[in-house]
Amino acid sequence: MTRLAAARTHIALATVDDIEYGARFLGSLSLHESRDPALLRHWAATAAEFGAALAPAEVPTPLRIVESEGGLGRGLLARYTSRPPTVELYTDSIDAAERLVTAHGWREWFPAGSVRAAALAHEAVHERLHHGPGRTALKEALGHTALRLGRLRVLGHVAGAGELAAHAYAQAVCGLGRSPLLLSAALAASAAPVVPGRGK
């Protein structure tokens, strides 16, 4: 990529706001392909507000952290697994993200070392949403109705909302100027596609 092309990519990526990146992420999921873009933006904004509001609260550090490579090939920065509770950090993806931050001149938004810290914070929220009442609270915040029978209303799961909440928490607790979703977009544009980590 030439310097001019890199500069254009930087400008194009940086002009998209974090909520729009969240809406695009939701829209990329098969369950949301036919959703109204305005609804996706609403869900993205709500999930971001929910995640950011978690920042003052203590989120437990994962019990076990493992570092490995292979994240670029799998499209992941990090991944949470519940059995046993473990965060796997993909050092190749994290290093690639740090290089892109420098190349795009985004160091003010993402200080040195913040990609790793944000990945850990992100996955810690997955642990919280997996084990605690946070999943129900997020559903209530989103207000998506899956089923209504008279006065009975069953809240539905919004696929991807937990990812956006985790990104917003990581941004808030790590003091980042932009959401880590921008890094995912930059990595995808650099032909090294990486998406937010997904808990299992």
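**From a tryptophan pair to a mixed sheet**

Let's start with a ring: R178 lies over the face of W109, at 5.3 Å from the ring centre. A charge is taken to sit over a ring if NZ of Lys or CZ of Arg is within 6 Å of the ring centre and within 35 degrees of the ring normal. Before going on, bear in mind that this is a predicted model, where local features need pLDDT of at least 70 and side-chain atom pairs count only at pLDDT 80 or more, while totals for chains, interfaces and linings use all residues. Residues are numbered from 1 along each chain as its sequence is written, and side-chain values use heavy atoms, with hydrogens and water left out.

A pair of aromatic rings is described by the distance of the centres and the angle of the planes. For W106 and W109 those values are 6.1 Å centre to centre and 35° between the planes, a tilted pair. The rule here is that rings of Phe, Tyr and Trp (its six-membered ring) pair if their centres lie within 6.5 Å, with planes under 30 degrees apart called stacked, over 60 edge-to-face and the rest tilted. By that rule the count is one aromatic pair. W106 is buried, with a relative accessible area of 1%, whereas W109 is partly exposed at 26%. Buried means under 20% relative accessible area, exposed over 50%, and partly exposed in between (1.4 Å probe, protein chains only).

Now zoom out. The protein has nine helices and five strands; these are DSSP runs numbered from the N terminus, helices being H or I of at least four residues and strands E of at least two. Buried residues make up 48% of the 200 residues.

Three strands form an open sheet in the order β1-β3-β2, with mixed pairing; two strands pair if DSSP finds at least two bridges between them. β1 (64-68) and β2 (78-82) are the edge strands, each pairing on one side only. From one strand to the next, the twist averages 20°. Axes here are lines fitted to C-alpha atoms, for helices over the stretch in contact, and angles run from 0 to 180 degrees between N-to-C directions.

β2 and β3 (residues 85-90) pair in the antiparallel sense over five bridges, forming a hairpin with two residues between them. In β3, V87 is the bridge partner of Y80, and E88 is that of R79. In a regular strand the side chains alternate between the two faces of the sheet. In β2, A78, Y80 and S82 point one way and R79 and T81 the other, and all are buried. With five of its five residues buried, β2 is largely enclosed by the rest of the structure.
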